[in-house]
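Biologist: I would like to understand how the words used for a protein model follow from its values. Could we take the terms one at a time?

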Amino acid sequence: MKNTLFNFSILLALMTVSACVTVNVYFPESAAQRAADIFIRDVYGDDANAAPPNGTDAAAPPQSYQLDQNWFYQSLAFMGDILIPPAAAQSPDINIQTPAINSLKNSMAGRHQKLKSGYANGAVGMASNGLLVLRDPKAVPLQQRNQIKQLIVQENKERNKLYGEVAKANGHPEWEKEIRAIFAQRWVGNAPAGWWFETGGAWKQK
């Protein structure tokens, strides 16, 4: 009886402490992938890969608890789930509908029409950091090289701004690095066959 009361007292104390704990907000990777796909497909337009995006609809792996059969530990885990829900069970949306983001999308969509010939002939490549590079200058006629270089500079400037704007629009400026990484993957994932991208420090053709 004494042990039961002691365990119950500990449980109540832990519940009180747990109620004061701030829930950590984890980066919602799946939601970010879906948002990136929507944005990028709008930019690419008819050039977007017709295949379904990879990984964006994958269900999160179920969580399980390896609990001792003792009722005390089972009760503790149960109360922990109530007071601090697992972050993996949350699936927040990623906001990409702000005036700043829409303006960047429209600008990129217009520029894409001027860049897509460079993608197709291999002159322009998609770097692993989510930016563009002039991968093969010789694939561009000499009189057009300055123009495509300027387009790449403008595109990279807006992409850098985009990643920060998406993070800021969702109230987490610290997510910019993760947003950049997701977009870097999805620029490639939504691209048609034949475009060049960087992976593992090497260039490959999709």
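What follows is a conversation about the terms used for this structure.

Modeller: Please keep in mind throughout that this is a predicted model. The protein chain holds 6 helices and 4 strands, and along the sequence these follow the pattern α-α-α-α-β-β-α-α-β-β.

Biologist: Why is Ala191 called buried?

Modeller: Ala191 lies in the loop between H6 and strand E3 (196–199). A residue counts as buried when its relative accessible area is under 20%, and Ala191 has a relative accessibility of 0%, so the word buried applies to Ala191.

Biologist: Which residues does Ala191 touch, if residues up to four places away in sequence are not counted?

Modeller: With those set aside, Ala191 touches Tyr44, Asn49, Met126 and Lys206. Ala191 and Met126 are 65 residues apart along the chain, while their C-alpha atoms are separated by 9.9 Å.

Biologist: What makes Ala193 count as buried or exposed?

Modeller: Ala193 is also found in the loop between H6 and E3. The word exposed is used over 50%, and because Ala193 has a relative accessible area of 68%, Ala193 is exposed. The C-alpha atom of Ala193 is separated by 9.9 Å from that of Asp47, and these two residues are 146 residues apart along the chain.

Biologist: How much of the protein chain is made up of buried residues?

Modeller: Buried residues account for 33% of the 206 residues in the protein chain. The accessible surface of the chain comes to about 12300 Å², and 55% of that surface belongs to carbon and sulfur atoms.

Biologist: Let us turn to the helices. Why are H2 and H6 called oblique to each other?

Modeller: Helix H2 (residues 29–44) and helix H6 (residues 176–189) pack at an angle of about 50 degrees, and their axes are 9 Å apart. Angles under 35 degrees count as roughly parallel and those from 65 to 115 as roughly perpendicular, so an angle that falls between these ranges is oblique. H2 and H6 are therefore oblique to each other, and their crossing is right-handed.

Biologist: Which residues make that contact between H2 and H6?

Modeller: Among them are Ala32, Phe39, Ile40 and Tyr44 of H2, together with Ile182, Phe183 and Trp187 of H6. By class, the contact of H2 with H6 has 9 nonpolar, 2 polar and 3 charged residues.

Biologist: What makes H5 and H6 oblique to each other?

Modeller: The axes of H5 and H6 cross at roughly 125 degrees and come within 8 Å. The range from 65 to 115 is called roughly perpendicular and angles over 145 roughly antiparallel, so an angle between these ranges counts as oblique. H5 and H6 are therefore oblique to each other, and they cross in a right-handed way. The contact includes Leu162, Tyr163 and Val166 of H5, and Ile179, Phe183 and Trp187 of H6. The contact of H5 with H6 divides by class into 7 nonpolar, 2 polar and 3 charged residues.

Biologist: At what angle do helix H4 (residues 99–121) and helix H5 (residues 142–169) cross?

Modeller: Their axes cross at roughly 150 degrees and come within 10 Å, and H4 passes H5 in a left-handed crossing. Leu104, Met108 and Leu115 are among the residues in H4 that take part, and they meet a set in H5 including Ile148, Leu151 and Leu162. The contact of H4 with H5 has 12 nonpolar, 3 polar and 7 charged residues.

Notes
Residues are numbered from 1 along each chain as its sequence is written. This is a predicted model: local features need pLDDT of at least 70, side-chain atom pairs count only at pLDDT 80 or more; totals for chains, interfaces and linings use all residues. Side-chain values use heavy atoms; hydrogens and water are left out. Axes are lines fitted to C-alpha atoms, for helices over the stretch in contact, and angles run from 0 to 180 degrees between N-to-C directions. Helices (H or I, at least four residues) and strands (E, at least two) are DSSP runs, numbered from the N terminus. A crossing is left-handed if the near helix is turned anticlockwise from the far one by less than a right angle, and right-handed if clockwise. Contact means heavy atoms within 4.5 Å. Ala, Val, Leu, Ile, Met, Phe, Trp, Tyr, Cys and Pro count as nonpolar, Asp, Glu, Lys and Arg as charged, and the others, Gly among them, as polar. Buried means under 20% relative accessible area, exposed over 50%, partly exposed in between (1.4 Å probe, protein chains only). Accessible areas come from the Shrake-Rupley method with a 1.4 Å probe; for residues, only the protein chains shown count as cover.
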